[in-house]
Amino acid sequence: MNMHAQPQRTLAETALIDAFGERLSLLPGDGAVMVKRDDAIEAIKHGLPTRRVESWHYTDLRRLLTKVPAFEAGAVVKALAPVLEGSAVMPVLNGVSNAKLPEIEGVTVQRLSEKLTDGSVAPGLDPYGDDDAIGALNTAFVADGYFVDIADGAVLEKPVELQNLQAGGQSHVRLLARVGAGAKAIVVERQAGEASEDGEALVSSVSQLVVGDGAEVTWLIVQEQPDTATHLAQFKAHIGKDAKLTLFVMNAGGRLVRQEVVVRTTGEGADFKLRGINLLAGETHTDTTMVLDHAVPHTTSTEVIRNVVTGKARGVFQGRINVHQYAQKTNAKMACNTLLLSDDGEFSTKPELEIFADDVVCGHGATVTEIDHNHLFYLMARGIDEKSARGLLVKAFVAEVIEELDDEALVEALEERLDGWFSTHG
Amino acid sequence: MPAVQETIDRVRKIDVDQYKYGFQTEIEMDKAPKGLSEDIIRLISEKKGEPDWMLEWRLGAYRRWLTLEEPTWARVHYPKIDFQDIHYYAAPKSTPGPKSLSEVDPELLKVYEKLGIPLKEQEILAGVQKPAAADEDEIGDNVYKSGRVAVDAVFDSVSVVTTFKEELAKAGVIFCSISEAIREHPELVQKYLGSVVPTSDNFYATLNSAVFTDGSFVFVPKGVRCPMELSTYFRINEKNTGQFERTLIIAEEGAYVSYLEGCTAPQRDENQLHAAVVELIALDDAEIKYSTVQNWYPGDAEGKGGIYNFVTKRGDCRGDRSKISWTQVETGSAITWKYPSCILRGDDSSGEFYSIAVSNGYQQVDSGTKMIHLGKNTSSRIISKGIAAGFSQNTYRGQVSAHRKATNARNFTNCDSLLIGDQCGAHTVPYMEAKNATAKFEHEATTSKISEDQKFYVMQRGIPEEEAIALIVNGFVKDVIQQLPMEFAVEAQKLIGISLEGSVG
């Protein structure tokens, strides 16, 4: 994790290490899983990453993670109505999955606690690098979640919604999904919670997805944590031959948020789309970090991230596209646009290209700016007051990304959430 | 370049190992023993006849250096440097301050002639000996038009000669070696040295502060437009020496100066260290244009030998409406680690960075810039063109930041990479940090190879493949070449052509 020896452990580091000792006997897992947990806590003992660790340059976790709450939740939470009407909902409440599993044709669902107990998920528990603090934290403490297996050729009529809800305390959840060859599915990953009384929550959530050859998956992450929560999340995916993955990430909450996206194309013809909107208000620190590996020839990707920064919010976007030596004919494009609306807010971005193949077309663009005065003037000249005009422009700026999704129900549901955010923060 | 294709030996065509300036010169040298200690620093300081404050300054930096660790964040790989295995001082024996060129060791002059830096010829052309009185008033305008260049030649650790000094002095411009400046103008040096790159800045800058042996000093007083291009030519000749030069350029209110540096070194199997520091200071309404054509020995075709070029360059736009412009053409060095930066402190100040980095063979380049916007209405522009061929790795690493009070900061960044062959790598790592809502930052980057269509179009007109590529590459880097002083634009174009030879196929 952190290569630099730390002089002294922070309170948070100590709390995590102590908690591990106390929780160990309660955590599910066979021998293999326990070995992974031990390795993971060793990594944390070396210290949480600081800004000297390149991938954490703008999110100094060691400094920012000041408090680690006790494990127990402050209150009971209930499953939420799904984002997309008619979805099959699978909630994880305060870190515990529901014993009653839904029955969906072509889909097998298992509780992750069972998969941990029998050790079948042990190989996937390794962090992906020595700077993977979220992976290590989650591996050490993960207790539950779901494993969703979508059979080859299955075309899901209804979306699946995985909810990870908390009301204070700590929860460490893993959501695994395998989408079989030629299958089609829409999956919503909902990350939310209620502000607990003492106002502290620590959530780590790791999603792992394997998209089979020729499959098509749309995966939506909707993060609306209360502004007291620390939310450390990771989304990892492998995309097979001629498969398509569209990942939509919406961050609209949380105090300290890091959403990592780690994607690898593993078969020729694979296509990855990332669309993200970060709506930042209050004193949030929200970091979206993507590492995309084009590992085989003839794969494509596009990433568009739109950010709105208000209040004293701090936003970060890091996006790295690695094109491996044999990944000829890669076509990758990334854009990150930010509207910085307040003088107390800040936004840092680091779009990276690492290219080892020559026959590729790669590009990235990044902008940070305020609202265009010409646009504002145009609207105000038509009798719209300044506040409404600004609101319209900001909304249009992010809605553009949503409208690109070619599913009407999806667009409507997301615009509704967008309106919800603007009505409280606009 | 294609135009000189015929003159280049056909046999060497497929070989990247054809560094033109790889010769070595036998000159009697005065060297300090290998290694670094307080005694060596005292020795350097004594050899240079420096005042006590300078020695203290060096020792302070050395003590600081002992506490620092070598940076490892750049995308370059090399075996650990043994800092005790380097001569920190090497000077041609005959150097106690030549008064004129005739006193300079003829061997030395031959070196510069071979390098195409005709010190002597220029002095004769300039007619320094007997300037006609009538002409004197016109000198300001005329010399500029005639395209003459004042040169400071640095050989290993010392400056051997500076041309056109008297003429520059008439305009009030001080152009001399930094050692001379420490002796002759201590008040200026003391005021500005280390004010942009402090002694504690980074590992290599701190090392440089402790052991720097020479470099150039330029002072352009208030309201003066420097009447000619200034230039320094660096040459590493001696074995196992490190070159640590320090350049300090000050442009007072309303002054203008254009400065160019060039560098070469002999071909050797072992690696040599070059850790320079350049500080630029621009006061109100001043403008400094700094151009570099860097052609240190890049190592042979197997990646053996070559210069480690670890350089700290920074300009401080201290005054309002000041401007600093960096232009660099990087074709040499085994490893380049270099980020010429601008601190835009004054209101309405602006910074520019134009770069071409060509890497071939096993070269590793990690270069870019930093634009730090502090003042109001500051603007910066970055144009970077990276060309990677052979087995080289070429990284652009740049930072643009706007601080809280930097209202209306404006940046435009464009970095393009061109890959020639599938064994090389091109990487782009830009950092953008905005803390002010009125900041407007734009960044765009692309990576691609030369398209078959482009190549076909040119070749169809009867131009052979290698020349076609050179032509397309020159089109690719045109934006940057245009920023170079005219005399060097041609040289730079040729250099790029030579660097890329053997990269086809």
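Author: Two strands pair if DSSP finds at least two bridges between them; strands (E, at least two residues) and helices (H or I, at least four) are DSSP runs numbered from the N terminus. This is a predicted model, where local features need pLDDT of at least 70 and side-chain atom pairs count only at pLDDT 80 or more, while totals for chains, interfaces and linings use all residues. Residues are numbered from 1 along each chain as its sequence is written, with chains lettered from A and ligands numbered from 1 in the order in which they are written.

Reader: How many residues does strand 18 of chain A give to the side of chain A that touches chain B?

Author: The contact (C-beta atoms, placed from the backbone, within 7 Å) takes 32 residues from chain A and 30 residues from chain B. Strand 18 (346-355) and strand 19 (361-369) of chain A each supply at least two residues of chain A's side. Strand 18 of chain A gives the most, namely 10 residues.

Reader: And how many residues on that side of chain A are charged?

Author: Here Asp, Glu, Lys and Arg count as charged, Ala, Val, Leu, Ile, Met, Phe, Trp, Tyr, Cys and Pro as nonpolar, and the others, Gly among them, as polar. The side of chain A that touches chain B has 13 nonpolar and 10 polar residues, and the charged ones number 9.

Reader: Within chain A, how many nonpolar residues does domain 1 have on its side that touches domain 2?

Author: Chain A is divided into domain 1 (11-370) and domain 2 (374-426), with centres 27 Å apart over C-alpha atoms. Their contact takes 15 residues from domain 1 of chain A and 13 residues from domain 2 of chain A. Strands 11 (244-251), 13 (271-280) and 15 (300-309) of chain A each give two or more residues to the domain 1 side. By class, that side has 2 charged and 1 polar residue, and its nonpolar count is 12.

Reader: Is helix 2 of chain A parallel or oblique to helix 5 of chain A?

Author: The axes of helix 2 (residues 31-45) and helix 5 (residues 133-141) of chain A come within 8 Å and cross at roughly 135 degrees. Angles under 35 degrees count as roughly parallel, over 145 as roughly antiparallel, 65 to 115 as roughly perpendicular and the rest as oblique. Therefore helix 2 of chain A is, relative to helix 5 of chain A, oblique.

Methods: Domains from an automatic or database assignment. Contact = placed C-beta atoms within 7 Å. Axes fitted to C-alpha atoms, helices over the stretch in contact; angles between N-to-C directions.
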